[in-house]
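Okay, everyone, thanks for coming. Let me put the structure up and walk you through a few spots in it.

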Amino acid sequence: MLWSLFKILLFVGLVVALAFGAQWLLSVSGEVLVTFNGAEYVLPPLVVVLGLLVAMLALWILFKLAGLLVATLRFINGDDTAIGRYFDRNRERKGYEALSDSLVALASGEAREATTKAQKAEKYLNKPEITTLVVAQAAEAAGETDRAREAMKELVRHDRTRFVGVRGLMRQKLEEGDTVTAMKLAEKAFALKPRHVEMQDTLLRLQAKDGNWDGARKVLTAKVKSGSLPKDVYKRREAVLSMADARDQLAQGNTDKARAEALEANRLSPELVPAAVLAARMHIESGDKRRAAKVLKAAWQTKHHPDLAAAFADIEPGETPDARIKRFQPFLKLDPAAPEAKMLEAELHLAAEDFPAARRALGTLYETHPSARSLSLMAAIERGEGGSEAVVRGWLAKALGASRGPQWVCENCGTVHGQWLPVCTNCETFDALSWTEPRAGTVPTTALASDMLPLLIGAPDPVAPEVEARPVASDEPEVEVVTERNVDPDVVGTTRDVSEPVTLPAGDSPPAPQDEVPTTAGTSRM
């Protein structure tokens with residue numbers, strides 16, 4: 001648009017300049033005396049200027065005629081292509097000028113003008129591999145999909161532009177959502193240029209989405225050979241492909257193939273949590289518990305994931321809670337300061353109903369790094385130690401608004417996934433999920449494990465004696481019941497909550513009669 005405006009203004013400026021120049025020549029007084037062959041000619045200035053312009057035009061025509069005469073003489077002497085080359089030079093000059101204008105218009109964002117100039121260049125030049133390429137790009141920029149598609153199909157017919165045409169058709173199919181055809185075109189383009197980085201990434205993404213793990217491995221090999229992928233990243237992505245293939249083989253019932261792929265994935269990337277878990281479970285099924293523990297410990301040193309702890313627990317599924325705590329000690333000592341290690345140890349003590357030890361294991365994690373899990377663990381500890389219902393509910397209320405902690409988050413688009421996947425479900429990026437804490441408010445909190453629910457909601461005591469309720473006399477004052485409105489929000493959920501219990505509102509309650517049996521809910525504080 002700006003270039004067109006500039007050309008219009010330039011044309012108007014030239015017309016105005018010529019008009020003022022002609023007016024100035026008419027207004028100039030005087031004459032020009034020309035002497036030629038003994039004769040004198042008196043000419044006005046305007047005639048002299050016009051004569052000079054006519055002389056320049058005649059000189060240009062003379063040169064053109066001289067060139068045509070030379071070409072004719074060469075043709076007479078036996079050069080059959082001399083006259084053809086003479087006219088071809090003029091056509092090429094006009095064609096390249098139109099091609100240049102088309103490229104400038106395309107770079108300026110004037111797609112329609114670029115298309116017009118490209119078609120003009122196509123008429124003058126006999127080089128479709130150049131002009132058709134510009135036509136395709138200009139039509140694509142102008143939104144003319146059909147014309148761009150036809151131009152790209154024309155590019156496919158020429159060896160020099162076949163890759164460009166296939167790539168353009170593939171991009172159109174991707175925009176239309178036809179991933180099946182797009183993957184076939186991507187495979188064709190990859191065969192033409194295996195070192196093309198963009199085509200490698202596109203084909204890898206399409207193959208991973210389609211579950212074509214063998215084809216994806218070939219692309220990865222080409223990427224590492226071309227130097228576009230570091231070897232450490234190559235090993236991890238190869239492990240991701242092996243892990244994905246192991247899952248598919250396991251779903252199809254091919255246990256032996258799934259086992260081989262899972263062990264290969266764990267060998268290539270020991271820190272890949274899903275591969276470590278699956279490899280450990282394969283070792284457990286084969287009876288090699290020692291190797292399963294070794295695999296899980298190696299993964300735990302770099303990634304503290306609850307699935308690793310769950311798989312480590314499955315090594316000895318029938319052990320007692322105390323025996324499990326003892327067996328987990330070497331596992332926990334690998335990184336005792338990690339939040340996941342603290343919460344894991346607290347859960348182990350909760351399962352053994354050792355609530356003070358669970359509190360000590362959790363420490364101040366609910367303050368330094370509050371999450372739904374750590375706060376829910378505090379609620380379970382309070383319930384187990386006989387804390388009031390209001391205190392337990394206070395912890396649970398905080399847990400509902402807290403972060404869920406680390407999750408499987410896509411590094412490209414930030415989408416949170418409930419489980420690990422080789423390809424993001426949103427942006428379809430391959431190997432983009434990492435175990436990290438998402439942004440606040442992106443994921444709702446989830447319920448706790450079912451084995452912890454009795455610690456939070458309470459469970460009836462099957463051996464507790466039934467106590468007959470005694471009606472309260474009319475002259476006996478009622479004891480005010482502790483409710484949530486009696487809880488100090490500044491106390492619940494802090495370290496003061498341990499030493500500063502929730503109290504009744506102002507007003508002394510009368511002591512219970514001596515013959516009344518006290519009714520206590522839950523276990524007493526230890």
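Start with Glu 154 and Arg 157: they form a salt bridge, and their closest N and O atoms are 2.5 Å apart. By salt bridge I mean a side-chain nitrogen of Lys or Arg within 4 Å of a carboxyl oxygen of Asp or Glu. Glu 154 is partly exposed at 28% relative accessibility, while Arg 157 is exposed at 58%. For those words, buried is under 20% relative accessible area, exposed is over 50%, and partly exposed is in between, using a 1.4 Å probe and protein chains only.

Quick note on where this comes from: it's a predicted model, where local features need pLDDT of at least 70 and side-chain atom pairs count only at pLDDT 80 or more, while totals for chains, interfaces and linings use all residues. Residues are numbered from 1 along each chain as its sequence is written, and side-chain values use heavy atoms, leaving out hydrogens and water.

Back to the charges. The structure holds 29 salt bridges. Another one joins Glu 428 and Lys 209, at 2.7 Å, N to O. Glu 428 sits in the loop between β4 and β5 and Lys 209 in helix α9 (residues 197-210), so this pair ties together parts that are 219 residues apart in sequence. Helices here are DSSP runs of H or I with at least four residues, strands are runs of E with at least two, and the numbering goes from the N terminus.

Then there's Arg 217 with Asp 245, at 3.8 Å, N to O. Arg 217 is in helix α10 (residues 213-226) and Asp 245 in helix α11 (residues 231-251), so that bridge links parts 28 residues apart in sequence. Are those two buried or exposed? Both Arg 217 and Asp 245 are buried. They also belong to a network of salt bridges with Asp 214, Glu 238, Lys 257 and Glu 261.

Now the greasy part. The largest nonpolar core has 83 residues, and Leu 296, Leu 308, Phe 328 and Leu 344 have the most contacts inside it. A core here is a set of buried Ala, Val, Leu, Ile, Met, Phe, Trp, Tyr and Cys residues joined through side-chain atoms within 4.5 Å. Helix α13 (residues 273-285) gives the most to this core, with nine residues. Apart from that core lies another, of 20 residues, including Ala 346 and Ala 399.

Last stop, the sheet: three strands make an open, antiparallel one in the order β4-β3-β5. Two strands pair if DSSP finds at least two bridges between them. Trp 408 stands opposite His 417 in β4.
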